[in-house]
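Reader: Hi! Could you walk me through this structure and its ligand site?

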Amino acid sequence: MHQVRDLRKKKQLQASTKALNSTFNPHRCYSSMSTTNSAGVTINDLFYTLEDLDKDCWVRLLNGALKSKDEFHTAAVATLQDGDINFRTMVLRKVIPQEKQIHFHTDIRSKKWEELQQSNNISLLFYNAAAKMQMRINGQATLHCNNAITETAWEKTGVSSRHSYLTIAPPSIPSAVPTSGLDEAFALRNPTQEESEAGKHNFGVISVQALSLDWLWLHHAGHRRAFFDYKNQERCWLIP
Ligand SMILES: Cc1cc2nc3c(=O)[nH]c(=O)nc-3n(C[C@H](O)[C@H](O)[C@H](O)COP(=O)(O)O)c2cc1C
């Protein structure tokens, strides 16, 4: 009896999957950047088309970079090392919405720098619990050191953040004792502006060119999901 029911369910599932597949290609986007799509989603009484949503995502990311208390201030950043995935938290330092670019700061002696030299594929994960919003960005990283971009970014970096670039040994080097890796002089105080300059040659900027953004909004009446393909200039709604 159970076997007959299971078989019937299996056939129903196969039939509906076939019907879905014949009308819906998951790898194709249904609305190009140039067409207007009236279908949208209402969030906090505001109606968003796909185009509005794309802009909104970048405004949220921009806010994240500007406000240290914002939930989009940090991202989980994934890189590849010989086929293995490595994740770490990083602070958004600059967002350029019109270019779909995000900048991070790091120590050029770090593992992530080395990994990005091997493969510049990078993935960013954001979750804002209050807004119930997840964003996933896939992109390509460009590494900057000793150029105009790092020069400007370094000048804007305060001494408390410059601290991080003053470790005597490179990040990830094993130590016999728990340590900050800094010179003892900086154990209890920040370096002066002049002292902090020693960290400049370890300072790097990772700029990420977003190739796609996957947006998910959780809602009790049904989640919503959208995909923005910047490479092919397409956008579409997805089944969450
Ligand atoms: C809240 C938070 C923010 C961080 N921001 C940065 C950052 O902006 N840049 C950075 O290089 N590391 C940052 N880190 C440290 C990294 O997560 C990581 O531990 C470190 O960079 C070493 O990573 P790697 O060995 O993969 O290079 C942050 C950690 C936390 C917890």
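Author: Happy to; we can start with the ligand site and then turn to the fold.
This is a predicted model, where local features need pLDDT of at least 70, side-chain atom pairs count only at pLDDT 80 or more, and totals for chains, interfaces and linings use all residues. Residues are numbered from 1 along each chain as its sequence is written, and side-chain values use heavy atoms, with hydrogens and water left out.

Reader: Thanks! Which residues are around the ligand?

Author: They are Arg88, Thr89, Met90, Val91, Arg93, His105, Thr106, Ser110, Lys111, Lys112 and Ser172. A residue is near a molecule if one of its heavy atoms lies within 4 Å of it.

Reader: And which element gives the largest share of that shell?

Author: That is β5, with four residues. At least two residues each come from β5 (84-91), β7 (101-107) and α3 (111-118).

Reader: How far is the side chain of Arg88 from a ligand oxygen?

Author: An N or O atom in the Arg88 side chain is 2.8 Å from an oxygen atom of the ligand. For Lys112 the corresponding distance is 2.7 Å, and for a polar side-chain atom of Ser172 it is 3.5 Å. The protein covers 58% of the 620 Å² of accessible area (Shrake-Rupley method, 1.4 Å probe) that the ligand has on its own.

Reader: Switching to the fold, how many helices and strands are there?

Author: The protein has six helices and 12 strands, taken as DSSP runs (H or I, at least four residues, for helices; E, at least two, for strands).

Reader: What share of residues is buried?

Author: Of the 240 residues, 36% count as buried, meaning under 20% relative accessible area (1.4 Å probe, protein chains only).

Methods: A polar contact is a pair of N or O atoms within 3.5 Å; within protein, one must be able to donate a hydrogen and the other to accept it, and residues adjacent in sequence count only if both atoms are side-chain atoms. Buried means under 20% relative accessible area, exposed over 50%, partly exposed in between (1.4 Å probe, protein chains only).
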